[in-house]
Amino acid sequence: MLVIENCRLTWPDFTADYSLTVQKGALCAVVGPSGGGKTTLLHMIAGFETPESGRLAFDGIDLLPLEPAKRPVAIVFQDHNLFPHLTAGQNVALGIRPSLRMSDDEARLIDGTLESVGLQGFSARRPGEMSGGQRQRVALARALVSGRPMILLDEPFSSLDPGLRRDMVRLVDDLRRRRPVTILMTIHTPEDVADLADQMAFVAGGRVVASDKPSVILGGSLASRIAAAVSET
């Protein structure tokens, strides 16, 4: 279980204070207005931002003393963060070993993970030879192959067309059911994940305003605020 209790971060022009609980193995969609603190929440979990106070734990482990590389977390950014001079296979391999010196078993794991995200036979291609959706699949494969039990997805599919974006959300849901992993995903189109996510958190003003089942969040008092947040993106 991911437990965030009163984690406070302050800047001259912004204050965040997060509290949120996500069950282990759940898919939690994080929605809200631009600038409301969604990305900051993920960066705090990953260790890129350090709260002044509060509690941050996963599966009983205190994450706050751990540097980002030591946390049980993999993160996928909107721009996928692939190295253009490396092949798809090599980019995925970075999730296991930055030296890229793979054992035979690790090489087979990389090929199998690429296949699991629909990229069988793409190992030798470079990012420039792939579509936007394919590059995002490579980034997702790199996160999966790391074996980290929690994956953070920061608006990973916002640049894709609606049909492909929905396909990618379904792929994420399918993969997390096949290999139990906890996923937090910021998304500006909550309708794409409403029938798949176990939980939806509405973040605004640096706080988790509400967290519940998607049907409750989207059909409750926050519906108009969510609609406004979607229209501004």
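Glu155 is buried, with a relative accessible area of 13%. In this predicted model, Glu155 sits in the loop between strand 7 (150–154) and helix 5 (162–178). Its phi is positive, about 45°, although Glu155 is not a glycine. Glu155 also belongs to the lining of the second largest cavity.

**Backbone angles**

- Most residues other than glycine have a negative phi.
- Besides Glu155, with its phi of about 45°, Asp59 has a positive phi, near 55°.
- Asp59 is placed in the loop between strand 4 and strand 5 (61–62).
- Glu155 is buried at 13% relative accessible area, whereas Asp59 is partly exposed at 44%.

**Cavities**

- The structure has 2 cavities of 30 Å³ or more.
- The second largest cavity holds about 40 Å³ of space.
- Its lining is made up of Glu155, Pro156, Phe157, Ser158, Arg165, Thr186, Ile187, His188 and Thr189.
- Sorted by class, the residues lining the second largest cavity are 3 nonpolar, 4 polar and 2 charged.

**The largest pocket**

- The largest pocket contains about 450 Å³ of space.
- Its lining has 19 residues, and those closest to the pocket centre are Val73, Ala74, Ile75, Arg142 and Arg148.
- Two or more lining residues come from each of strand 6 (73–76) and helix 4 (132–145).
- Strand 6 gives the largest share of this lining, with 4 residues.
- The lining of the largest pocket divides into 13 nonpolar, 4 polar and 2 charged residues.

**Cysteines**

- A disulfide is a covalent bond between the sulfur atoms of two cysteines.
- The number of disulfides in this structure is 0.
- Cys7 takes part in no disulfide, and the nearest cysteine sulfur, that of Cys28, is 15 Å away.
- Cys7 is buried, at 0% relative accessibility.
- Cys28 is likewise buried, with a relative accessible area of 0%.

**Aromatic rings**

- There are 2 aromatic pairs in the structure.
- Trp11 and Phe14 form a tilted pair, with 6.0 Å from centre to centre and 35° between the planes.
- In this pair, Trp11 is partly exposed at 31% relative accessibility, and Phe14 is partly exposed with a relative accessible area of 22%.
- The rings of Phe48 and Phe77 make a stacked pair, 6.4 Å centre to centre and with 25° between the planes.
- The pair of Phe48 and Phe77 counts as stacked because its planes are 25° apart, and the cut-off for stacking is under 30 degrees.
- Phe48 and Phe77 are 29 residues apart, and their pair links distant parts of the chain.
- Phe48 lies in the loop between helix 1 (38–46) and strand 4 (53–58), while Phe77 lies in the loop between strand 6 and helix 2 (88–93).
- Phe48 is partly exposed, with a relative accessible area of 41%.
- Phe77 is partly exposed as well, with a relative accessible area of 22%.

**A charge over a ring**

- Arg125 lies over the face of Phe122, and its distance from the ring centre is 4.1 Å.

Key:
Residues numbered from 1 in each chain as written. Predicted model: local features only at pLDDT ≥ 70, side-chain atom pairs only at ≥ 80, totals over all residues. Heavy atoms only, no water. Disulfide = S-S within 2.5 Å. Buried < 20%, exposed > 50% of the residue type's maximum accessible area, 1.4 Å probe, protein only. 1 Å grid on protein atoms, 1.4 Å probe; cavity = no way out; pocket = protein on both sides within 12 Å on 5 of 7 lines; lining within 4 Å. Points joined across faces, edges and corners; volume = space filled by probe spheres on them. Nonpolar A, V, L, I, M, F, W, Y, C, P; charged D, E, K, R; others polar. Phe/Tyr/Trp six-rings, centres within 6.5 Å; stacked < 30°, edge-to-face > 60°. Lys NZ or Arg CZ within 6 Å of the ring centre and 35° of its normal.
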